[in-house]
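I opened my notebook to look up how the inside of a protein is put together. Come along and keep the picture open while you read.

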Amino acid sequence: MSILKSALVRAILIPVAVALSLTACSAQTPPVAQSAAVAGTTIAADSGTGVVTTLAVKKYTMATVKKHHTKSNCWSVVGKNVYKLTSFIKKHPGGQKRIIAMCGKNATSKFRGQHGTGGRANATLKKYKIGVLA
């Protein structure tokens, strides 16, 4: 029965998500789980159990982001998303100062100017997403 549920999830839910132009989650997601973000919610399907879960996406104001402006508590905005970069500061290949300078700020223009909209830096950034800008 478990195999049937797994096959149904793969055959029905995942193609529907693709058909609705949903964005697949980052590479951190285990292979047995698939998820997609749509209009303030995340839909997650575990192909091992067949369980489908809908989770609310956290929304933050820019005022809230501005409160997280230190090396020990660093949030930043890129595009419409909010990222908690505290643990990434020491890992940044361009040096800590570049990330620290963006803590508590909208870093969209700086980030896009340096990294564009695709590639490795954008894939890495997705791992630190905590919500969307309200």
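Below are my entries on the cores, one methionine and the aromatic pairs.

**Entry 1: ground rules.** I am working with a predicted model, in which local features need pLDDT of at least 70 and side-chain atom pairs count only at pLDDT 80 or more, while totals for chains, interfaces and linings use all residues. Residues are numbered from 1 along each chain as its sequence is written, and side-chain values use heavy atoms, with hydrogens and water left out.

**Entry 2: the cores.** I looked for nonpolar cores, meaning sets of buried Ala, Val, Leu, Ile, Met, Phe, Trp, Tyr and Cys residues joined through side-chain atoms within 4.5 Å. Buried means under 20% relative accessible area, exposed over 50%, and partly exposed in between, with a 1.4 Å probe and protein chains only. How many residues does the largest nonpolar core have? I found 13, and those with the most contacts inside this core are Cys74, Val78, Tyr83, Leu85, Ile99 and Leu125. Apart from it lies another core of five residues, including Tyr60, Val65, Trp75 and Val82. I then checked Leu125: leaving out residues up to four places away in sequence, Leu125 touches Val78, Tyr83, Leu85 and Phe111. Contact here means heavy atoms within 4.5 Å.

**Entry 3: methionine 102.** I found Met102 in the loop between α3 (96–100) and β9 (105–106). Helices (H or I, at least four residues) and strands (E, at least two) are DSSP runs, numbered from the N terminus. Is Met102 buried or exposed? Met102 is buried, at a relative accessible area of 16%. Beyond its neighbours within four places in sequence, Met102 is in contact with Trp75, Ser76, Ala107 and Lys110.

**Entry 4: aromatic pairs.** I searched the whole structure and got two aromatic pairs. Rings of Phe, Tyr and Trp (its six-membered ring) pair if their centres lie within 6.5 Å; planes under 30 degrees apart count as stacked, over 60 as edge-to-face and the rest as tilted. Tyr60 and Trp75 make an edge-to-face pair, 4.8 Å centre to centre with 70° between the planes. Tyr60 is in strand β5 (residues 59–60) and Trp75 in strand β7 (residues 73–78), so this pair ties together parts 15 residues apart in sequence. Tyr60 is buried at 13%, and Trp75 is buried at 10%.

Why is the pair of Phe88 and Tyr128 tilted? Their ring centres are 5.3 Å apart and their planes are at 50°, so the pair counts as tilted. Phe88 is buried at 14%, and Tyr128 is buried at 15%.
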